Amino acid sequence: MGEAAIELAGVHKEFAVHGERVQAVRRLDLTVAQGEFFSLLGPSGCGKTTTMRMIAGFEEPTGGTVRLDGQDVTGVAPHKRDVNMVFQSYALFPHLTAYENVAFGLERKRVARGEIRKRVGEMLDIVSLTGMDKRAPRELSGGQQQRVALARALVNRPRALLLDEPLGALDLKLRQQMQTELKRIQREVGITFVYVTHDQGEALTMSDRIAVMRAGAIEQLGPPRAIYERPVTRFVAGFIGTSNIIDGTVERVDDGVAVLTYGPGERVLVPTTAAAGTALEVSVRPEKIDLSREQPAGTGCSMLSGVVKDVVYHGTSTNYTVTTAAGPDLVVFDQNARDAEDLAGPGDRVHLTWSPQHSYPIGVS
Amino acid sequence: MRRRLTPYLLVLPGGLWLLLFFVVPMVTMLSLSLQEGDIVSGYVFTGHWQTYADVLVNYRVQLVRSLVYGAIATVVLIVAAFPVAYWIAFHGGRRKASYLFLLLLPFFVSFVLRTISWRYVLTDEGILLGPLKDAGLLPDDFHILGTPTAVILGLVYNFLPFMVLPIYVALERIDPRVVEAARDLYAGPVVAFRKVVLPLALPGVFAGVLMTFVPASSDYVNSAVLGSSSTAMIGQVIQSQYLTSSNYPAASALSFTLMAVLLIGVFAYARALGTEDVMKVAAR
């Protein structure tokens, strides 16, 4: 990780809603490195947008410090901060053309006219809007408006670019295309991106690191793989992708692997240092589980048997819901790589197996 | 067949109404303005265009005065109405509708009555000037009533909502995020207002000017109630020509002259402002 582009130290934000004090952000500490693609991920009302607006300067923290490039900018007006924002609804200037929209920031900074023309032209090329410069925002499609908003912010070469759910208004296909595009542009310009989203797929695909937020605080912070594979709380496990949560008590520990049993031959293996007798919550991702109708031979695996409750075909995979002795129904994703037929139908007795490293203890209670 | 007729049927009631109460009187008045004669022996159509030249010469002062008063009142209205509209649109919160209602509340009282009540406010020893004179802040012979100032103030007061409402509507439609975007792109509060809020509010100002300048210029109540003979406006002249002198041709010719001047003025204004662009923004 390079130098810190953005630092939040003990940042706190309270709002008064109908005379009641609401804590939108609670004592947040956060460091975003130079050139990083950083995502703030969480459900609506988790404080992610407020956090971003405090970085931009639209909200002043109730307490704590915001630093950009090591400089304290707490209390500095938005137009004096060297960060730019891409708004959820784009917020393009409706009375200006695409070109004038993009040139707006440079004109305010009194950049020379020739330089403005050059940089705006280059930026419109980067976002694939060549030749659209004379169009008014309402003459552009949603995707094109999105690109203008992006170009309008990026052309200023800010210290960091703040994006507030920028793809939310686009349809699925365009959204996926823009995800790739955003990542490409970020690599090309090398600017720090702070990306606010409630879409875990978006965050996983694009980010270098993700902060999962809940109720104004960071629940887990790390690279996408760590967040997905090793969720530290039940909330993260449930919010990012689909997860099976199995509750149990450690019966014994063999070689750093805890054994949870649910009947004869029914066991879940978890790599943990927890002592025997500890209650565990274990997260298992649905695609890690193998489903078969024959009794498997493996011994070093978690093994549960159960009855298929539901089968849903999803094209790339088939999703099974299985009732087992281990508590709530488990979901299993089976890639449709080999089989043209379903492995089992509702009511069939099946066996589920997965390697110990795919059981992740999320909370020791 | 029925589907094709429907739009015409919808237009019929209003169309007939306009034909009866707008087109017919207009044509009658045009004919009247070209007649000669007097109230006793009656008027005869003679195609006498000379009346137009005569009234222009005789009442040029009042005509020009009306346009000047109307223009000054309109400018004062823009300055007075914009902050009110701005405040209601951006800081009115959940009470926007209540504030707009308050603004319109005086208009439930008759126009003439309201203007007459202004006499009590502006009169020499009235509630406004009396205490100021007693306190020695104004000389004893200071007066407002009967001056152009009183007439223009009356016009401003009476037409305020017609300027506030269109500007409010234009401001209300501005996405606050657009203003934030300007702030984010290095524009201070003043520049953001000048570069974003003002241009987007312009269609509202344009509509407000149309709705106030035309009636203010042809108003005959404010000058009659708050002014004096030296503030006489063209509306008063027309009124007295019709009702006092019964000189119908002169009154009609004056009315048409006023209408022509206002229409030309409005079109010139629209051209100068580039209505095309203004309307395009408004139609977004």
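## Chain B: overall make-up

Chain B has twelve helices and two strands, and in this predicted model its elements follow one another from the N terminus in the order α-β-β-α-α-α-α-α-α-α-α-α-α-α. Taken along the principal axes, the C-alpha atoms of chain B fill a box of roughly 75 × 75 × 35 Å.

Of the 284 residues in chain B, 33% are buried. Among the contacts in chain B with a separation of 6 or more, 69% are accounted for by residues 24 or more positions apart.

## The contact between chains A and B

Chain B and chain A each bring 17 residues to the contact between them. On the side of chain B that touches chain A, the elements giving two or more residues are helix H7 (176-184) and helix H8 (189-217) of chain B, and the largest share, six residues, comes from H7(B). Sorted by class, this side of chain B holds ten nonpolar, one polar and six charged residues.

## The open sheet of chain A

Four strands of chain A form an open sheet in the order S2-S1-S4-S5, with antiparallel pairing. Strand S2 (20-33) and strand S5 (71-72) of chain A each have a single partner strand and stand at the edges, so one side of each is left without a neighbour in the sheet.

Strand S6 (residues 83-86) of chain A pairs with S7(A) in the parallel sense over four bridges, and here Asn84(A) stands opposite Leu161(A). S7(A) also pairs in the parallel sense with strand S8 (residues 192-197) of chain A, over five bridges, and Asp164(A) stands opposite Val196(A) in S8(A). Between S7(A) and S8(A) the chain crosses through helix H5 (residues 172-189) of chain A, in a β-α-β crossover that is right-handed.

Val155(A) lies in the loop between helix H4 (142-154) and strand S7 (160-164) of chain A. Although placed in a loop, Val155(A) has 27 other C-beta atoms within 10 Å and is therefore buried, the cut-off for a buried residue being 20 or more.

Leaving aside neighbours within four places in sequence, the residues in contact with Val155(A) are Val102(A), Gly105(A), Leu106(A), Arg119(A), Val120(A) and Met123(A). As for a residue elsewhere in the chain, Val155(A) and His351(A) are 196 residues apart in sequence and, from C-alpha to C-alpha, 57 Å apart in space.

## The hairpin of S9 and S10 in chain A

Strand S9 (residues 209-214) and strand S10 (residues 217-222) of chain A pair in the antiparallel sense over five bridges, and Arg214(A) stands opposite Ala217(A) in S10(A). The hairpin of these strands has two residues between them, and in it Ala215(A) takes a positive phi near 50°.

Note on methods: Residues numbered from 1 in each chain as written. Chains lettered and ligands numbered in written order. Predicted model: local features only at pLDDT ≥ 70, side-chain atom pairs only at ≥ 80, totals over all residues. Contact = placed C-beta atoms within 7 Å. Nonpolar A, V, L, I, M, F, W, Y, C, P; charged D, E, K, R; others polar. Buried ≥ 20, exposed ≤ 12 C-beta atoms within 10 Å, placed from the backbone. Pairing = 2+ DSSP bridges. Right-handed = clockwise from strand over helix to strand, strands pointing away.
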